[in-house]
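Subject: Structure handover

Hello,

Here is the structure for you to take over. My notes on it follow below.

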Amino acid sequence: VTLKPEALFRGGMLRYVTGIGNSVMELAKNVEIFVACDVENPLLGVKGSVRVFGKQKGLLEENFEEFEQGIANVNTILQRDLGAPDLSNLPMAGAAGGLSGMIHAALG
């Protein structure tokens, strides 16, 4: 993952991600991964990870937009750099703060 220099190490830093290398694909080539999700929420939008689960994870409403933009940025970069599908409306992609969707995008 490549970050812009002004990135701060906090949850909103995802908006500063500029690229994702495909080395993760090589590392995971011979690994079988199962992801269990107990929610149907998509990655983004009014039913997405930030809007539905942000408060319960301690995120202030005033920071929702920053986090949503960061997650949207990573979604776009996954598509560009890894040829991943768009996760915006994918059911279950919003579980665990979007981690389930990111795993799906990176590893298939």
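Helices (H or I, at least four residues) and strands (E, at least two) are DSSP runs, numbered from the N terminus. This is a predicted model, in which local features need pLDDT of at least 70 and side-chain atom pairs count only at pLDDT 80 or more, while totals for chains, interfaces and linings use all residues. Residues are numbered from 1 along each chain as its sequence is written, and side-chain values use heavy atoms, with hydrogens and water left out.

Helix α3

Helix α3 has 19 residues and spans 26 Å from its first C-alpha to its last, close to the 27 Å expected at 1.5 Å a residue (the expected span is 1.5 Å times one less than the number of residues). Its buried residues are Phe 64, Glu 66, Glu 68, Gly 70, Ile 71, Val 74, Asn 75, Ile 77, Leu 78 and Leu 82. Here buried means under 20% relative accessible area, exposed over 50%, and partly exposed in between (1.4 Å probe, protein chains only). These buried residues of α3 pack against β2 (17–19), α2 and α4. After α3 comes Gly 83, with a positive phi near 70 degrees.

The core

In soluble globular proteins, nonpolar side chains tend to be buried together. A nonpolar core is a set of buried Ala, Val, Leu, Ile, Met, Phe, Trp, Tyr and Cys residues joined through side-chain atoms within 4.5 Å. The largest one in this model has 18 residues, and those touching the most other members are Ile 20, Leu 43, Ile 71, Val 74, Leu 78, Leu 87 and Met 102. Two or more residues of this core come from each of α3 and α4 (99–107), and α3 gives the largest share, six residues. Leaving aside neighbours within four places in sequence, Ile 71 is in contact (heavy atoms within 4.5 Å) with Leu 14, Leu 43, Leu 44, Ser 49, Val 50, Gly 97 and Met 102.

Salt bridges

A salt bridge is a side-chain nitrogen of Lys or Arg within 4 Å of a carboxyl oxygen of Asp or Glu. By this rule there are three salt bridges. In one of them, Glu 65 pairs with Arg 51, with the closest N and O atoms 3.0 Å apart. Glu 65 lies in α3 (residues 64–82) and Arg 51 in α2 (residues 49–53), so this pair ties together parts that are 14 residues apart in sequence. Glu 65 is partly exposed at 41% relative accessible area, and Arg 51 is partly exposed at 32%. Glu 61 and Lys 55 form another salt bridge, at 2.7 Å from N to O; both residues are exposed. Arg 80 and Asp 81 are also joined by a salt bridge, at 2.6 Å from N to O. Arg 80 is exposed, at 53%, whereas Asp 81 is partly exposed, at 28%.

Surface and loops

Val 35 is found in the loop between α1 (23–27) and α2, and is partly exposed at 42% relative accessibility. What lies between α3 and α4? The loop there holds Met 92, and Ala 96 lies in that loop as well. Phi of Met 92 is near 75 degrees, a positive value in a residue other than glycine. Ala 96 likewise has a positive phi, near 55 degrees. Met 92 is partly exposed, with a relative accessible area of 33%, while Ala 96 is exposed, at 64%.

Regards
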